[in-house]
Amino acid sequence: MSISSSLNAGVMGLAVNATRLATISDNIANSATNGYKRSEVDFSSMVLRQQQNRYSAGGVRANIFKNVDATGSLISTGNSTDLSVSGRGLLPVTNIAGIDQSAAVRSLMLTPTGSFSTDENGFLRTQSGLALLGWPAESDGTFVDVSRDSGAGLVPVNVNINQFTASRTEAMNLGVNLPADATEAGAAGTPYTLPTEYFDNLGRSQTLTMTFTPTVPATGASDQWQVEVFDTANPAGTAIASFGLAFDSSPLNGGSISAITPGAGMTYDALTGEVALGVAGGPMSLFVGRLNDNAGITQLAAPFSPHNVTKDGSPIGDLSSIEIDQSGNLEAVYDTGFRRIIYKIPVADVPNLNGLTAEDNQAYSVSPSSGGVYFWDAGTGPVGETAGYALMQSTTDIASELTDLIETQRAYTSNAKIIQTVDEMLQETTNIKR
């Protein structure tokens with residue numbers, strides 16, 4: 001009968017409002033929890049098939065979900081490994097047990113933010129036990145192709161394996177001016193030396209010395225030089241390479257290289273202007289200059305001047321800090337000033353963020369309702385950039401929650417009044433017999 005259905009509807013109303021009260025309590029309790037996503041409750045009616053001229057109350061049900069799609073405000077911190085996603089997307093993490101497990105059995109979870117720090121084994125994880133996952137970089141800072149629709153290529157981020165590093169010198173730029181009057185008749189023919197430090201494959205400091213010897217003619221000016229290259233790592237002490245230089249003295253290209261004559265131990269690429277040779281630590285290229293170009297080695301009426309001699313590489317460095325840029329590249333910063341990319345932290349996305357299953361510690365796992373996961377490079381596609389030195393605040397708004405609390409209290413009281421009214425009506429029904 002309709003009066004009984006009214007009683008059931010009132011009881012269901014009490015139950016769903018009690019559920020809403022629980023979510024409000026959870027939201028208020030976590031208003032200061034970084035990365036917390038507000039819990040929400042939607043009510044939906046339950047409609048029964050009605051008989052003619054009779055109405056039966058169906059009641060109400062509660063639909064509970066985490067509003068993962070909402071993003072909280074970012075707050076700046078002093079920790080370079082406090083990490084957040086500025087916009088849509090989540091960071092891949094795992095639990096403590098997953099650090100030692102393979103990708104096939106590891107628990108893959110997602111979180112919007114985390115205050116990560118290095119544990120006793122060098123892994124980046126939060127105090128609550130969430131370990132950051134990323135793609136490891138090759139030695140040259142590049143990344144191999146990985147599967148982006150699964151976590152198969154992700155590994156726990158460990159910075160201890162990069163505690164020390166050295167980068168071999170592979171390229172050197174020679175911005176040198178040779179004095180034009182040194183190749184004129186009557187000049188002394190004194191050679192000029194240019195010692196330059198470089199780093200071998202073990203990070204040791206070595207010296208590459210270039211000797212520039214002018215060709216002195218009987219008359220006029222030769223505009224020619226002989227260059228020998230010596231390497232302190234060469235135990236024989238002999239030149240490892242040599243080549244000849246000829247310079248243009250015409251009004252159009254005066255002072256630029258007109259010809260290079262390769263000698264023993266080297267080759268010259270006219271397109272790049274580089275001399276390729278081999279030192280003890282491996283192959284090296286020296287930029288000496290293109291033909292008829294003023295970049296590189298020149299011969300002008302000025303003193304011998306190594307004005308722009310640069311090189312790549314670095315000596316042995318000790319890890320001093322790590323930083324994460326907006327593209328998700330995790331860089332190791334060494335005390336020598338050298339920086340090296342060691343991991344890339346992707347940003348995960350699913351078709352329905354609110355369909356993710358909530359786990360402990362502001363983490364979520366993929367569910368059938370969320371759809372499959374896809375890992376983007378930060379700042380590409382639909383996902384936001386990664387923000388270091390930042391944590392995401394809770395999405396809870398205390399004023400809204402207190403307003404919802406008042407509404408819930410009134411609704412709960414009203415449903416209780418329904419039960420009280422139905423009870424009184426049933427009492428009147430039983431009193432008819434008297």
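**Entry 1: A246**

Does A246 count as buried or exposed? I looked it up and found that A246 counts as buried because its relative accessibility is 17%, where buried means under 20% relative accessible area, exposed means over 50%, and partly exposed lies in between, with a 1.4 Å probe and protein chains only. Before going on, I noted that this is a predicted model, in which local features need pLDDT of at least 70 and side-chain atom pairs count only at pLDDT 80 or more, while totals for chains, interfaces and linings use all residues. I also noted that residues are numbered from 1 along each chain as its sequence is written, and that side-chain values use heavy atoms, with hydrogens and water left out.

I placed A246 in strand 17, residues 239–247; strands (E, at least two residues) and helices (H or I, at least four) are DSSP runs, numbered from the N terminus. Not counting residues up to four places away in sequence, A246 touches D223, Q224, S256, I257, S258 and A259, contact meaning heavy atoms within 4.5 Å. I also looked up Q226, which is 20 residues from A246 along the chain, and found 9.0 Å between the two C-alpha atoms.

**Entry 2: aromatic pairs**

How many aromatic pairs does the structure hold? I found four aromatic pairs, where rings of Phe, Tyr and Trp (its six-membered ring) pair if their centres lie within 6.5 Å, and planes under 30 degrees apart count as stacked, over 60 as edge-to-face and the rest as tilted. One of them joins Y192 and W225, a tilted pair with 6.0 Å from centre to centre and 50° between the planes. Y192 belongs to strand 14 (residues 192–199) and W225 to strand 16 (residues 224–231), so this pair ties together parts that lie 33 residues apart in sequence. I noted that Y192 counts as partly exposed, at 26% relative accessibility, and that W225 counts as buried, at 0%.

F212 and F304 form a tilted pair too, with 6.3 Å from centre to centre and 50° between the planes. Because F212 lies in strand 15 (residues 205–214) and F304 in the loop between strand 22 (298–300) and strand 23 (305–311), the pair ties together parts that are 92 residues apart in sequence. F212 is buried, with a relative accessible area of 0%, whereas F304 is partly exposed, with 21%. I wrote down as well that ring pairs link Y192, F212, W225 and F304 into a cluster.

**Entry 3: pockets and a cavity**

Rolling a probe the size of a water molecule over the atoms shows where empty space is left. Grid points are joined across faces, edges and corners, and a volume is the space filled by probe spheres set on the points.

The largest pocket holds about 230 Å³ of space, and its lining includes S139, D140, R168, E170, D312 and R340. Strand 12 (164–167) and strand 26 (339–344) each supply at least two residues of this lining, which divides into two nonpolar, four polar and six charged residues. Here Ala, Val, Leu, Ile, Met, Phe, Trp, Tyr, Cys and Pro count as nonpolar, Asp, Glu, Lys and Arg as charged, and the others, Gly among them, as polar.

Which strand gives the most to the lining of the second largest pocket? I found that strand 7 (residues 113–115) does, with three residues. This second largest pocket has about 150 Å³ of space, and its lining has two nonpolar, nine polar and no charged residues. T126 and S128 are among the lining residues.

A search of the whole structure finds one cavity of 30 Å³ or more, and the largest cavity has about 50 Å³ of space. Among its lining residues are K37, D69, R88 and M392.

**Entry 4: T126**

I went back to T126, which sits in the loop between strand 9 (124–125) and strand 10 (131–136) and counts as buried, at 9% relative accessibility. A polar contact of 3.0 Å joins the side chains of T126 and S128; such a contact is a pair of N or O atoms within 3.5 Å, where within protein one must be able to donate a hydrogen and the other to accept it, and residues adjacent in sequence count only if both atoms are side-chain atoms. Leaving aside neighbours within four places in sequence, T126 is in contact with G114, S115 and F116.

Definitions and conventions. 1 Å grid on protein atoms, 1.4 Å probe; cavity = no way out; pocket = protein on both sides within 12 Å on 5 of 7 lines; lining within 4 Å.
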